[in-house]
Amino acid sequence: METEINTPATSTRVSPLLFGLTILLSAFLLFQVQPLIAKLILPWFGGSAAVWTSCMLFFQMALLGGYAYAHWLNGQPGSRQTIIHAGMLAISFISLPIVPAMRWKPAGGADPLLGILGLLTATVGLPYFLLSSTSPLLQSWYSRANGGAMPWRFFALSNFGSMLGLLTYPVLVEPNLTNRQQAWMWSGSYIAFVLVCATVAFLSRRGHTEAAAPAASGPKPTVEERLIWIGLAACASALLLAVTNHLTQNVAAIPFLWVLPLSLYLLSFILCFDSDRWYRRWLFGRLAVIALPSMAYAVSSEGNISDLRLAITYFCTALFVMFMVCHGELAKRRPAPSYLTSFYLMVSVGGAIGGLLIGLVAPYLFSGLYDLPVVLSLTGFLLLYLLWKQKGTGEPGVKFMEEAYDKPVVVTLVGLMLGFLSWRFVSAKWFAGPAFLNGPYDTYVLLSLTGLIALYMLWRSRDSLDSSYILFTIAAGLAFGMTGFLARDTWNSVKHARVRVRNFYGALLVYDNEGVPTTGPFRVLRHGTIDHGEQFLWPQNQRIATTYYTHGSGLGVALLNMMMQGSMTVGSIGLGAGTTATYARPIDHYFIYDINPAVLKIATEQFTFLRDCMAPHEVIMGDARLALESEASKHFDLLAVDAFSGDAIPVHLLTREAFQLYWRHLQPNGVLAVHVSNKYLSLGPVVDLAAKEMGKKAMMVSYSPSDSDDREESSSDWVLVTSREGFFDQEDVKKSVKPIEPIRGLRPWTDDYSNLYRILRQ
């Protein structure tokens, strides 16, 4: 049955159009400011994917505050609501324009989370708080002022405005307006919103006190129902952030990859709260049975998807299915209008819990990227619980767990399973037994016990022919099976690690590999899913340049050529394992920049490149651009840009302003080496355009090791930029370089403009 804005026969005091316009404008501004402010502050915090997650954590907490404020204000008597809200709207003008103050720029390598939250609070906190309260507050006012009219479609309208704000940002706003213009235009639009909202509050004030038009009432939601609201909202929120993290870790922290999953999240809200006809439990429930395990396989070591378009399509399709299930079940459980603000408050509590899990708990409690496996498992068990609640709707019969032997049988089987799990844990932990799930009988025992439980449940439902028992049994098997698969895959990926550490900037893993007899074992540093350095462990091989920094790489070609011309001052943006230091000589001087303190700790404690560096060297902690901006010119002979965020260089290191800064620190005839290896993006043409703007020449060095290579060399792409006379004509350089093929229609990137769609690999 459709939900409608049902206006009673009594005269309408305020037009629904005015309510709808205010809600639409507030939602548009609410979600337009999210990518806007995140992009503004992204370069200050290293271009990390975690900046967006931190912003989302703030937005969800502010949304919770706004809903709590609306819930509290809704209980105030008479015209006090109007006075309080109008006063808050007026005070919010002190936050305009929403341009971040320079004093919030971070210094050094301290954890930036609190700085980001403080910056956002000072810059957009109060306007965002008030915008987030608008939809539930005005819906409640409309219902009271219009005789209990059902306002649920205003919720869908609010989400439509939110999605409109999101989608127009990367398509219309970001490409055509500078960051400062965006901030000023948003601030002007917010002033217009304040005026409209104050007008609505004034015109609808009579409805707050008239007892003749009470909001429609209904049964009071139970504690269990409220917990289900929270759980469904939390799972949807956590899935949104975990999948967005997964995508941005290996591509780039850009608005498009923020906006797309969030738009699907909002679209599901629109559909589910617009009408009951959109969410069909029988359809989306079955699709969820496919979507959840599919995502679990895709994030495992066996399911890596190398094609970017396919990966985005795959994850976003599965995400949309799960969003429809979570939000569809929320919509089916919505209460009477008298509990409207309470419902919104519980939904926002759930959203905040999801944000806290991914934005705060995971980076500081987990030692690896376990967020998505954990969220997938929790979602699976929540849906399993909802199926349990739906069971028993078939023909009359003795209900499950009410037969005399039901409890002894189930308790025995579950007890056997728990006992086996406990015994295997103790055996592996203290008695040198094989790791869990690696034992010869582990899988068979667990599958057998699970199968016995499933068979018993199916047999018990034989009299009622209740298909809900069968669906529950299948879902239980999938939930436990998926969780076991993810647990085993995660354990296999980290069980041999020497170091597992995670912080704001990502997850780092150090492990040893046996290698081959000719060169011996080697140690690997991995950031997320990408190798960031390797070193041989035999002392005679420890100074061999490996992976992307070998003698045949662009960096190696440039350094070996320039070393023949005397002493050098070398800068490197990005430390990794410290492999670049293998080229250093006593007559050189090396400056290395890195933003992640955990990387420095690993490079000094787990690898010996820095310890064995033959040249005087200095490691400067903090964002490289901010550090270089604050320093006098270093007069580098060579500057290497190798600061990877996942599999991509942070965008703010490839802009016109960044290249101008590099050349302020380089000698006039110096060489800039930019590492552009990326399986999704063609970054070379971006560097080429920037070089031409600076009057420099750029050439690509694409290196691929031979199949028989035993020196742990990796394929790499480097762009060398210089105006040094004859540099590219020297024999050892000429044979390695090639021209960069331009991309038609590509514009130079600036701090205000970048476009990754143009550089997607075909």
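A cavity is here a set of grid points where a 1.4 Å probe fits but cannot get out. The structure examined for such spaces is a predicted model, and a search of the whole of it finds 3 cavities of 30 Å³ or more. The largest cavity holds about 360 Å³ of space, and among the 28 residues that line this cavity, those closest to its centre are Phe 31, Leu 63, Tyr 67, Tyr 265 and Phe 269. Several helices contribute to this lining, with at least two residues each supplied by helix 1 (16-41), helix 2 (50-74), helix 4 (113-145), helix 5 (152-176), helix 8 (255-274) and helix 11 (340-365). In terms of residue class, the lining of the largest cavity consists of 17 nonpolar and 11 polar residues, with no charged residue.

The second largest cavity has a volume of about 120 Å³. Its lining is made by 16 residues, and those nearest its centre are Ala 50, Asn 245, Pro 363, Arg 502 and Phe 504. At least two lining residues come from each of helix 2, helix 7 (223-249), helix 11 and strand 1 (497-503), and helix 11 makes the greatest contribution, with 4 residues. The lining of the second largest cavity comprises 8 nonpolar residues, 7 polar residues and 1 charged residue.

Arg 502, which is among the residues nearest the centre of the second largest cavity, also takes part in a salt bridge with Asp 371, in which the closest N and O atoms are 2.5 Å apart. Because Arg 502 belongs to strand 1 and Asp 371 to helix 12 (residues 371-390), this pair ties together parts that are 131 residues apart in sequence. Both Arg 502 and Asp 371 are buried.

Salt bridges were also searched for over the whole structure, and 16 were found. In one of them, Lys 39 pairs with Glu 174, and the closest N and O atoms are 3.0 Å apart. Lys 39 lies in helix 1 and Glu 174 in helix 5, so that the pair links distant parts of the chain, 135 residues apart. Lys 39 and Glu 174 are both buried.

A further salt bridge is formed between Glu 629 and Lys 105, with the closest N and O atoms 3.6 Å apart. Glu 629 is placed in helix 18 (residues 624-630), whereas Lys 105 is placed in the loop between helix 3 (80-91) and helix 4, and the pair therefore ties together parts that are 524 residues apart in sequence. Glu 629 is partly exposed, with a relative accessible area of 38%, and Lys 105 likewise counts as partly exposed, at 25% relative accessibility. Both residues belong to a network of salt bridges that links Lys 105, Arg 625, Glu 629 and Asp 751.

The loop between helix 3 and helix 4 also contains Pro 97, which is joined to Leu 96 by a cis peptide bond with an omega of about -10 degrees. Positive phi values in residues other than glycine occur elsewhere in the chain. Thr 547 has a phi of about 50 degrees and is situated in the loop between strand 4 (530-536) and helix 16; with a relative accessibility of 1%, Thr 547 counts as buried. For His 635, phi is near 55 degrees, and this residue is found in the loop between helix 18 and strand 8 (636-641). His 635 has a relative accessible area of 45% and is partly exposed.

Leu 555, in helix 16 (residues 554-563), is buried, with a relative accessible area of 1%. The C-alpha atom of Leu 555 is separated by 9.6 Å from that of Asp 717, although the two residues are 162 residues apart along the chain.

Conventions. Residues numbered from 1 in each chain as written. Predicted model: local features only at pLDDT ≥ 70, side-chain atom pairs only at ≥ 80, totals over all residues. Heavy atoms only, no water. 1 Å grid on protein atoms, 1.4 Å probe; cavity = no way out; pocket = protein on both sides within 12 Å on 5 of 7 lines; lining within 4 Å. Points joined across faces, edges and corners; volume = space filled by probe spheres on them. Nonpolar A, V, L, I, M, F, W, Y, C, P; charged D, E, K, R; others polar. Buried < 20%, exposed > 50% of the residue type's maximum accessible area, 1.4 Å probe, protein only. Salt bridge = Lys/Arg side-chain N within 4 Å of Asp/Glu carboxyl O.
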